[in-house]
Amino acid sequence: MLRRIVLLISMALVLIGLFGLGFGYYYLFKRVEPQTSGKVYLKGITEPVRVLRDAYGIPHIYAGNNHDLYLAQGFVHAQDRLWQMELYRLMGQGRLAEIAGEKALKLDYFFRMMGLVKAARESYLSLGDDIRVDLKAYSLGVNEFLEKNRHRLPSEFTFTRHKPDLWEPSDSILLLLLNAWILA
């Protein structure tokens, strides 16, 4: 009799463990996968936009005007690469220690001394109106993704308990400056 109870309890624990693993997998990975089919309605789009993904999952965006194109591009970039975008932004801003802890303080100090944030903001202000409008549209797309997916962010955000700030147009320039520095 005791053997049978132990067997039933063991089977129940195995089933609970399997359910927990399945739920954990879904919660951390499946529920946050980007939507690659169907329709998504974005605030600020003025004409229909099509996003087609090729066999490798690479998005191809077709829009009737630049504003809609850059807004959709910002949304798709955030959908596919938000963690990478946020990680690079934190690095360029000298805020990596917020997710990496004390180990990153020296790196944060270095990047703050480089002044990339100031350079990005000054660069943004020096751009022509047409480029600033495009960068604003891109930022609107990233922020639209953040708004629509506040509780479905990539699993890296769950692991680090980090909430991304809204995307600013100068953040895109910051990433360009950071990449230029890294490649140099």
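Let's start inside. Two helices, α5 (116-126) and α8 (169-183), each supply at least two residues of the lining of the largest cavity. Helices here are DSSP runs of H or I with at least four residues, strands are runs of E with at least two, and both are numbered from the N terminus.

A word on the model. It is predicted, so local features need pLDDT of at least 70 and side-chain atom pairs count only at pLDDT 80 or more, while totals for chains, interfaces and linings use all residues. Residues are numbered from 1 along each chain as its sequence is written, and side-chain values use heavy atoms, with hydrogens and water left out.

Now, what is a cavity? Take a 1 Å grid over the protein atoms alone: a cavity is a set of points where a 1.4 Å probe fits but cannot get out. A pocket is an open set with protein on both sides within 12 Å along at least five of seven lines, and lining residues have an atom within 4 Å of a point. Points are joined across faces, edges and corners, and the volume is the space filled by probe spheres set on them.

How many cavities of 30 Å³ or more are there? One. The largest cavity has a volume of about 40 Å³. Its lining is Q93, V117, A120, R121, S170, D171 and L174. By class, that is three nonpolar, two polar and two charged residues. Nonpolar covers Ala, Val, Leu, Ile, Met, Phe, Trp, Tyr, Cys and Pro; charged covers Asp, Glu, Lys and Arg; the others, Gly among them, are polar.

Look at A120. It lies in helix α5. Is A120 buried or exposed? Buried, at 1% relative accessibility. Buried means under 20% relative accessible area, exposed over 50%, and partly exposed in between, with a 1.4 Å probe and protein chains only. Leaving out residues up to four places away in sequence, A120 touches S170, I173, L174 and L177. A contact means heavy atoms within 4.5 Å. A120 and L174 are 54 residues apart in sequence, yet 5.1 Å apart in space, C-alpha to C-alpha.

Which helices each give at least two lining residues? They are α2 (66-93), α6 (129-148) and α8. Helix α2 gives the largest share, seven residues. The lining has eight nonpolar, five polar and two charged residues.

On to H162. Find it in the loop between α7 (155-160) and α8. H162 counts as buried because its relative accessible area is 8%. Beyond residues up to four places away in sequence, H162 touches E86, L90, E98, I99 and F157.

Now the strands. β1 (residues 49-53) and β2 (residues 59-63) pair in the antiparallel sense over five bridges. Strands pair if DSSP finds at least two bridges between them. R53 has P59 in β2 as its bridge partner. The two strands form a hairpin with five residues between them, and G57 in the turn has a positive phi of about 85°.

Last, the whole protein. There are eight helices and two strands. The order along the sequence is α-β-β-α-α-α-α-α-α-α. Of the 184 residues, 32% count as buried. Among contacts between residues at least 6 apart in sequence, 64% join residues at least 24 apart.
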